[in-house]
Amino acid sequence: SNRNFNSIMERAPDYISVRVNTHAINKCYFIRNCKFRRIPVDKHRLESVASFVEVILEELVEGFDSTDFDLARVKLYSHEGIEITDDDLYFLKNYQYIYIDAKGEPFNFEQILEHYQIVEKIGQGDYGYVYKVLSVIDGETYALKVTQLGECSNKETQIEKILKDQKRFMKLNCYYIIKLYHCFCFHDTVYEIMEYVKGKEIRKYIKSKPNG
């Protein structure tokens, strides 16, 4: 009956997928499987980040002893790299992907690339490429723009300007403007994850016109 089914679901554990926030300086690769570990979580124990951290470490660390960790120092991040606070715990959904850092280090945005599988290359310019990618987090399709700065002059200044401009662009929310979700730099390459819109490249569209 529906009553019995609802009763079973109420007793069933919630699951959250967790992985360690890594700062290894390696070249970015697009991989098919993120190294997340799916662990059961009792939603009634989620009173604070500290108590949640203890639940996670009990699952991840064999022979876990809370005295070996400074739980107040440990940080949790969403799959978008946003630090999770006590107020955010109430809004965690089943199968939420999160990162944990026992030393409280900043989030390494390079890891966001591991959330996407390349489907095909859909564009190419003088400085980089645009790929159609599939998110392993939400199953949605996005566009990934990869801009390689190479040996250009004033590289650090240019990177700083690009990231500053794109940070403002990310705040825009207009039907006629493609949404930008992430923008970060790694090894002199700028990565932008944005809304995927099916269509032609502007350059190809213009050339297809009589006076193009």
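Guide: Let us begin with aromatic rings. Rings of Phe, Tyr and Trp count as a pair if their centres lie within 6.5 Å, and planes over 60 degrees apart make the pair edge-to-face. In this predicted model, ring pairs link Y77, Y99, F107, F109, F184 and Y191 into a cluster.

Visitor: How many aromatic pairs does the structure hold?

Guide: The structure holds 10 aromatic pairs. One of them joins F107 and F109: the ring centres are 5.1 Å apart and the planes stand at 80°, so this pair is edge-to-face. F107 is buried, with a relative accessible area of 8%, whereas F109 is partly exposed at 33%. Y175 and Y176 form another edge-to-face pair, with 5.2 Å from centre to centre and 90° between the planes. Y175 is exposed, at 76% relative accessible area, and Y176 is exposed as well, at 74%.

Visitor: How should I read the confidence of the prediction?

Guide: The value to consult is pLDDT, the predictor's confidence in each residue, from 0 to 100. The mean pLDDT of this protein is 77, and 78% of its residues reach 70 or more. The pLDDT is below 50 over residues 1–12, a stretch that has one contact in the model beyond near neighbours in sequence. Residues 25–34 also stay under 50, yet the model has 23 contacts for them beyond four places in sequence.

Visitor: Which residues of α2 are buried, and against which strands do they pack?

Guide: The buried residues of α2 are V49, S51, F52, V53, V55, I56 and L57. They pack against β1 (14–20), β2 (37–41), β3 (75–78) and β4.

Visitor: Is β4 largely enclosed or left open, and what are its partners?

Guide: Five of the six residues of β4 are buried, so the strand is largely enclosed by the rest of the structure. β4 pairs with β1 in the parallel sense over five bridges; within this pairing, S17 has Y97 of β4 as its bridge partner. With β3, the pairing of β4 is antiparallel and has four bridges, and here L76 is partnered by I100 of β4.

Visitor: Where does K103 lie, and is K103 buried or exposed?

Guide: K103 belongs to the loop between β4 (96–101) and β5 (116–124). Its relative accessibility is 58%, so K103 counts as exposed. Position in sequence and position in space should be read separately: K103 and V74 are 29 residues apart in sequence, while their C-alpha atoms are 5.7 Å apart.

Visitor: What is the order of the strands in the open sheet?

Guide: In a regular strand the side chains alternate between the two faces of the sheet. The open sheet here has five strands in the order β5-β6-β7-β9-β8, with antiparallel pairing. β5 and β8 stand at the edges with a single partner strand each, so one side of each has no neighbour in the sheet. On average, neighbouring strands of this sheet are turned by 25° against each other, direction ignored.

Visitor: How is β8 joined to β9?

Guide: β8 (residues 180–186) has five of its seven residues buried, so it is largely enclosed by the rest of the structure. Six bridges join β8 to the antiparallel strand β9 (residues 189–195); for C183, the bridge partner in β9 is E192. The two strands form a hairpin with two residues between them, and H187 in the turn has a positive phi of about 55°.

Visitor: With which residues is T189 in contact, leaving aside its neighbours within four places in sequence?

Guide: T189 is found in strand β9 and counts as buried, at 11% relative accessibility. Its contacts, with those neighbours left aside, are V146, T147, Q148 and F184. F184 is also one of the residues in the aromatic cluster with which we began.

Key
Residues are numbered from 1 along each chain as its sequence is written. Side-chain values use heavy atoms; hydrogens and water are left out. Buried means under 20% relative accessible area, exposed over 50%, partly exposed in between (1.4 Å probe, protein chains only). Contact means heavy atoms within 4.5 Å. Two strands pair if DSSP finds at least two bridges between them. Rings of Phe, Tyr and Trp (its six-membered ring) pair if their centres lie within 6.5 Å; planes under 30 degrees apart count as stacked, over 60 as edge-to-face and the rest as tilted. Axes are lines fitted to C-alpha atoms, for helices over the stretch in contact, and angles run from 0 to 180 degrees between N-to-C directions.
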